[in-house]
Amino acid sequence: MEIKIKYFLYIAIFCSLLNKVFPQISEKSAPDLSAATSPQQEEISPAQSYNIKTDADGEQYIEQTLSWPKVEHIREYEIILEKKDETGQYFTLQQIKTSDNFLTVRLESGQYRYSVIIYNLLGKKAYQTPFTEFNILKALKPQINSVSPTLIYLDEPHDGTFSVKGLNLLPESVFILMRLANKEQLSPLLYQPDERHRNADIIFDEQMFDTGDYVLKVTNPGGFTSEIPLLIKFIKWYDLTISAGYSPLFILADETILTYFNTRMSFIGGDFRITFIPLKRRFGYVGVSANLLYHRMAARMNTFNINMNILQTYINAVYQYPIIKGRLVIDIHGGAGFVFMQNLTFIYPHDIVSDPFTSFYFSANVGFSLQVYMWKRLYLEVKADYTYMPMKDMFLMTVQPSITLGWQF
């Protein structure tokens with residue numbers, strides 16, 4: 001009998017020590033547990049905790065997380081999850097024990113509540129929280145079945161409008177156009193879904209389009225997404241143009257030409273240019289051109305006649321920008337080359353002719369032009385070039401307007 005009394009006494013002392021080291025949780029010290037819930041696979045509950053995941057078949061679904069503050073020195077939690085039925089009564093949906101302070105679930109739309117039971121280190125029920133109620137609201141998964149156009153040529157007119165057909169295209173849906181190369185995202189200027197939420201017109205700023213692979217992506221409230229690929233490019237990765245036409249010459253500075261020819265102008269001339277554009281981007285087109293200009297100068301003086309050919313060759317860097325796609329292009333160019341004074345000849349009375357004199361000098365030019373496409377790839381070009389020709393005894397500056405016809409290959 002004495003041994004039994006001592007045995008129970010030892011047990012009582014041991015339990016007392018446990019109670020001091022790991023006190024039980026009472027109602028006065030119970031933590032404030034709150035819901036952190038979210039939509040299910042087809043649901044939404046704003047400002048709640050959830051994750052969108054994708055299964056092995058590529059289908060998206062939503063997992064919700066119920067969480068509560070962590071309590072130290074306990075054995076485990078037990079979560080009672082209930083759902084309200086059509087009669088307004090709650091029934092137990094799940095009853096799970098866990099050592100974590102959260103529970104991941106996949107719930108359908110409806111009204112729910114849950115309570116957390118806390119067990120102390122002895123495995124006894126220490127405290128049960130009041131039931132916390134929450135709603136799971138429906139979230140519709142969008143689906144893009146088709147979009148028109150799927151291919152856009154930047155060198156053709158396009159107003160930035162896309163027609164989309166699909167399902168669950170809601171007024172709250174968010175569309176973006178994303179370039180895959182740099183993840184640049186464009187937001188629409190206008191989004192108009194129909195009443196059935198199956199068709200929509202979306203307008204983007206076409207000035208922001210650049211070459212590359214894109215996706216048109218829609219995100220519905222709750223995070224479900226759908227996307228479809230698009231391609232934006234130029235019809236050709238390069239442009240090659242050839243133009244030729246009429247070009248007069250006007251001398252702005254230096255008196256040498258005026259002294260010998262009694263004029264500052266030449267109305268006999270031509271302009272020939274080949275342009276190659278290998279780089280075409282949203283900001284414009286960049287390339288190089290080779291330009292040949294010819295002018296004839298002749299004059300009758302009192303005691304002699306004089307004539308000369310002026311040849312100019314330039315290699316220019318070229319920048320072009322389509323002001324109106326397929327119709328109007330501005331061209332800015334500049335570079336360097338050579339000017340040739342060819343066959344300068346004096347003719348005196350009695351058919352006395354001087355030996356022809358030819359010389360060449362360094363020259364630089366800068367200019368611009370407007371190209372107006374009239375029919376298919378045939379264009380009319382109006383151009384003006386300023387040239388600077390530093391010579392040994394001359395300082396020649398000229399303006400050379402031209403009007404040419406060109407063809408883009």
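Helix H2 gives the most to the lining of the second largest pocket, with four residues. The model in which this pocket is found is a predicted one, and the pocket itself has a volume of about 320 Å³. Its lining is made up of 16 residues, and those closest to the centre are Thr 256, Leu 344, Phe 357, Tyr 361 and Met 394. Besides H2, which spans residues 256-261, the elements that give two or more residues to this lining are E24, E25 and E27. By class, the lining of the second largest pocket divides into 12 nonpolar, two polar and two charged residues.

Thr 256, one of the residues closest to the centre of that pocket, lies in helix H2. With a relative accessible area of 25%, Thr 256 is partly exposed, because its value falls between the 20% under which a residue is buried and the 50% over which a residue is exposed. When residues up to four places away in sequence are not counted, Thr 256 touches Asp 393 and Met 394, and Met 394 is also among the residues closest to the centre of the second largest pocket. The C-alpha atoms of Thr 256 and Phe 395 are 9.0 Å apart in space, although the two residues are 139 residues apart in sequence.

The largest pocket holds about 420 Å³ of space. Its lining consists of 22 residues, and Asp 155, Ile 235, Gly 326, Tyr 373 and Gln 408 lie nearest its centre. Two or more residues of this lining come from each of the strands E19 (239-246), E24 (305-324), E25 (328-348) and E27 (357-375), and the largest share, three residues, comes from E24. The lining of the largest pocket has eight nonpolar, five polar and nine charged residues, whereas 12 nonpolar residues are found in the lining of the second largest pocket.

Strand E19 also holds Asp 239, which is buried, with a relative accessible area of 6%. What does the side chain of Asp 239 meet in a polar contact? A polar contact of 3.2 Å joins the side chain of Asp 239 to that of Lys 236. Leaving aside neighbours within four places in sequence, Asp 239 is in contact with Thr 275, Phe 276, Ile 277, Lys 280, Tyr 285 and Gln 408, and Gln 408 is one of the residues that lie nearest the centre of the largest pocket.

Apart from neighbours within four places in sequence, the residues in contact with Lys 383 are Asp 271, Arg 273, Asn 291, His 333, Phe 368, Ser 369, Gln 400, Pro 401 and Ser 402.

In soluble globular proteins, nonpolar side chains tend to be buried together. The largest nonpolar core here has 25 residues, among which Phe 162, Phe 175, Leu 177, Phe 204, Phe 209 and Leu 216 touch the most other members. The elements that give two or more residues to this core are the strands E10 (143-148), E12 (161-167), E13 (174-179), E16 (199-203), E17 (212-219) and E18 (225-233). Phe 204 is in contact, beyond its neighbours within four places in sequence, with residues including Phe 162, Ile 176, Leu 177, Leu 186, Phe 209 and Leu 216. A second, separate core of 19 residues includes Phe 304, Ile 306, Tyr 314 and Val 339.

Finally, some points of the backbone deserve attention. Most residues other than glycine have a negative phi, and most peptide bonds are trans. The peptide bond from Ser 148 to Pro 149 is cis, with omega near 0°, and Pro 149 is found in the loop between E10 and strand E11 (151-153). Lys 183, although not a glycine, has a positive phi of about 60°; this residue is placed in the loop between E13 and strand E14 (184-186), where Lys 183 is exposed, with a relative accessible area of 51%. Asn 343 likewise has a positive phi, near 55°, but is found in strand E25 and is partly exposed, with a relative accessible area of 33%.

How values were computed: Residues are numbered from 1 along each chain as its sequence is written. This is a predicted model: local features need pLDDT of at least 70, side-chain atom pairs count only at pLDDT 80 or more; totals for chains, interfaces and linings use all residues. Side-chain values use heavy atoms; hydrogens and water are left out. On a 1 Å grid over the protein atoms alone, a cavity is a set of points where a 1.4 Å probe fits but cannot get out, and a pocket is an open set with protein on both sides within 12 Å along at least five of seven lines; lining residues have an atom within 4 Å of a point. Grid points are joined across faces, edges and corners, and a volume is the space filled by probe spheres set on the points. Ala, Val, Leu, Ile, Met, Phe, Trp, Tyr, Cys and Pro count as nonpolar, Asp, Glu, Lys and Arg as charged, and the others, Gly among them, as polar. A nonpolar core is a set of buried Ala, Val, Leu, Ile, Met, Phe, Trp, Tyr and Cys residues joined through side-chain atoms within 4.5 Å. Buried means under 20% relative accessible area, exposed over 50%, partly exposed in between (1.4 Å probe, protein chains only). Contact means heavy atoms within 4.5 Å. A polar contact is a pair of N or O atoms within 3.5 Å; within protein, one must be able to donate a hydrogen and the other to accept it, and residues adjacent in sequence count only if both atoms are side-chain atoms.
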